[in-house]
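Morning, everyone. Let me put the model on the screen, and then we'll walk through it.

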Amino acid sequence: MSASHPALPLPPAVPPGQDATRCLVHLDCVLDGVQVWSADGRLLYANPATYALFELPTDAQVDNCAQLFGHCLDDTGRPVSSAALSICDLARGAQQMEHNQRVLRIPLADGGERWLRVRAYLQPPGPGGEPAGVVSTCFDVSRFVHQEQVLQEQAQYDALTHLPNRVLFADRLQLALATAQRRGEVLAVCMLDLDGFKPINDTLGHQAGDRLLQEIAFRLGNALRADDTAARLGGDEFGLLIGGLHGSVECEQVLNRLLQDLARPVQIKGQSVAVTASVGVSLYPGDIRDPDLLLRHADQAMYQAKEAGKGCFHIFDPAAAGKLRASRQLLKKIQDALDAGQFLLHYQPKVDCRRGRVVGVEALVRWRHPVLGLRTPGEFLPLIEQDDAIINLGEWVVGEALAQMGRWRQAGLDLPVSVNIAARQFLRGNFSARLGEMLAGHPPEVVGRLGIEIVETAVLEDINAVSRLIHHYHKEGVRFDLDDFGTGYSSLTHLKRLAADTLKIDQSFVRDMLDDPGDLTIVQGVIHLARAFHLEVIAEGVEDIEHILTLLDLGCDVMQGYAIARPMPAERLVEWLEGFQPDPRWRAADNFPNRHDFELLLARVIHRFWQQQVLAAYHRLDGAAWPELDPGHCRLAAWFEESGRRHCSDIPPFHRFHEAHREVHRRAQILHQLAREGVGNADQPLAEFNAACVELQHILSQCDAATRPA
Ligand code: C2E
Ligand code: MG
Ligand code: MG
């Protein structure tokens, strides 16, 4: 024992016949700490190495475990709990469990730390059976621990950026998922890939590339919270785990900040270098709790971010991905169905109602599904229109329509047939050539009866190519219709350049033209436009006689719709044609429209639209939905001021218009008042309102009749 060391009492359990002092003196020069404890946990002896290892002054008064180990941490960095401090327990536990050692950390004065392995041994009881004391040793294992840390660091961290590598990222992902689930929070799993990193590496050299990666890693680390993880997964690819979120909006905010931060230039070799990053994100919960799939989804989303123009993030959408999967399966089924001959064409007549003649048919594809029965294009075309399957199907349609025309021709039926061509097929660079090949095997009389319907919106995508195509095939007699016209934004210049043959008024306008003054005006506008450009005009989707008569009045003669005939198989069409009789009511409308007609029709539709709005607002008791109730400011009043007065005031029944108009407004105001009082089903006032409306419509009809030739 060193002279400077305070004398400690000797342990009682010195074997008889031995000089205990001499035994202990030998321990003075041992570099490992050795302590002798009484059975009740008092420190009887500690060698000088003990004091050195624990950084205790040599004259420190240490009596028990708490004083010796009190400022130690366990191997996870937490203070050692008092229960764990008992060296006697450790020794006794060791007997039962053969586990008598612990690793402790001592924070050192210089800011470092020392790792000690403490072992405890229970001494045999004294000769008189006195309780056994304990001997413990403390061994400095700092070197081994640090070596292990280095090894672990190498196995789990990226050497260049010191961020976790792929292995540790996978561990952290598991942990983060468990935490998110436990706390009911959202976890964002992100894949981040630098945009334009390779050119920097190539032009400035690898060192510059490394420096950039280090800076990016540093910024990532700064941008995230301590609990989050940024990892380098390889090359210029990083993984991020952002936890503790409450929804996607919060995640978007974090990522927006992060992307801005990453895009700031970095100074490398005196040059300012900037890169952006594309990030793909999958969110748990929302997406499934499978780490591999979450990573894969984040990866897919990252490619979508790249496709969307880079420098942005994209959040994986499980529903959209499900749809994509379904559409891939459908694509396969459609190809199989084509091979198995499950597609067929139905034909819908186009009729010139003024002259009572069928002028052609439109071929519409159908899928005879072996299980689900006959399916219409709305059920499968939208799912394949972005894929080449639509082209295969489209080519089959053209081929089948031409073949059918040939068969009809042989049977003495000379019928123009138009086919629909999808935008994708139409805008393909080789469509013109493909069409040429498809037409090649057919006689000119058949080719000359073919029509092609292209939706207006597709035409607008490449107006030059479409014009060339139209010019080219016009020479062979092929006709071109602009389908669903009115839904795109064709300008007058387009119409002039296109040289199409027909405008097909979109059925949505036709359907609502009798109820919505806006749609009526569009229908009339398209008819005028067609006339101005010497084009033909067809109205599609005529569902009842009112549509037909109104369209005839407006100057549109050719129509297609359920009011005339539904699409039908080729065989049925022949029968239908044989039995076709024009409806006698069509004949009634053989005068061309004049200005009065249209103005009166417009007034009727404006009024009907207003009446529907009043009724809807009344039934819903919705204070906000009421149309204008002031007879001086409603749309019909505006109509009267703009054109009604000028065009109609010389028609006698029109003199009653004013009073009838005021009356419907009076009745509507009563309904409005009732609605405000919460009375939602007042039959009498409702009936009076409707009667007033009927009277106003009646006056307008009388005016209409008065202007027509007898
Ligand atoms: P579309 O070319 O505008 O054809 C008119 C659609 O309206 C057809 O629906 C037709 O059955 C339906 N229709 C006709 N009259 C009426 C009516 O009075 N009321 C109502 N509510 N609908 C009526 P379908 O056959 O379901 O076709 C829908 C769309 O699918 C077509 O619109 C066309 O864009 C597309 N399509 C149909 N066949 C083909 C095809 O062979 N190839 C391509 N690419 N597209 C096709
Ligand atoms: Mg069509
Ligand atoms: Mg259409």
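Start with Val-542: one of its backbone N or O atoms lies 3.4 Å from an oxygen atom of ligand 1. That is a polar contact, a pair of N or O atoms within 3.5 Å; within protein, one must be able to donate a hydrogen and the other to accept it, and residues adjacent in sequence count only if both atoms are side-chain atoms. The protein covers 83% of the 790 Å² of accessible area that ligand 1 has on its own, by the Shrake-Rupley method with a 1.4 Å probe.

A word on the source. This is a predicted model, where local features need pLDDT of at least 70, side-chain atom pairs count only at pLDDT 80 or more, and totals for chains, interfaces and linings use all residues. Residues are numbered from 1 along each chain as its sequence is written, chains are lettered from A and ligands numbered from 1 in the order in which they are written, and side-chain values use heavy atoms, with hydrogens and water left out.

Back to the ligand. Which side chains reach its oxygen atoms? Glu-362 places a polar side-chain atom 2.9 Å from one oxygen atom of ligand 1. For Asp-484, a side-chain N or O atom is 3.2 Å from an oxygen atom of ligand 1.

Now the shell. There are 23 residues around ligand 1, and Asn-420, Asp-483, Gln-507, Glu-543 and Tyr-562 come nearest. Near here takes a heavy atom within 4 Å. Strand S15 (357–369) is one of the elements that each supply at least two shell residues. S15 gives the largest share, four residues. Helices (H or I, at least four residues) and strands (E, at least two) are DSSP runs, numbered from the N terminus.

Next, a salt bridge: a side-chain nitrogen of Lys or Arg within 4 Å of a carboxyl oxygen of Asp or Glu. The count is 41. One of them joins Lys-350 and Glu-453, N to O at 3.1 Å. Lys-350 is in strand S14, Glu-453 in strand S18, and 103 residues separate them.

Last, the backbone. Tyr-284 to Pro-285 is a cis peptide bond, omega near -10°. Lys-269 has a positive phi, near 50°, and is not a glycine.
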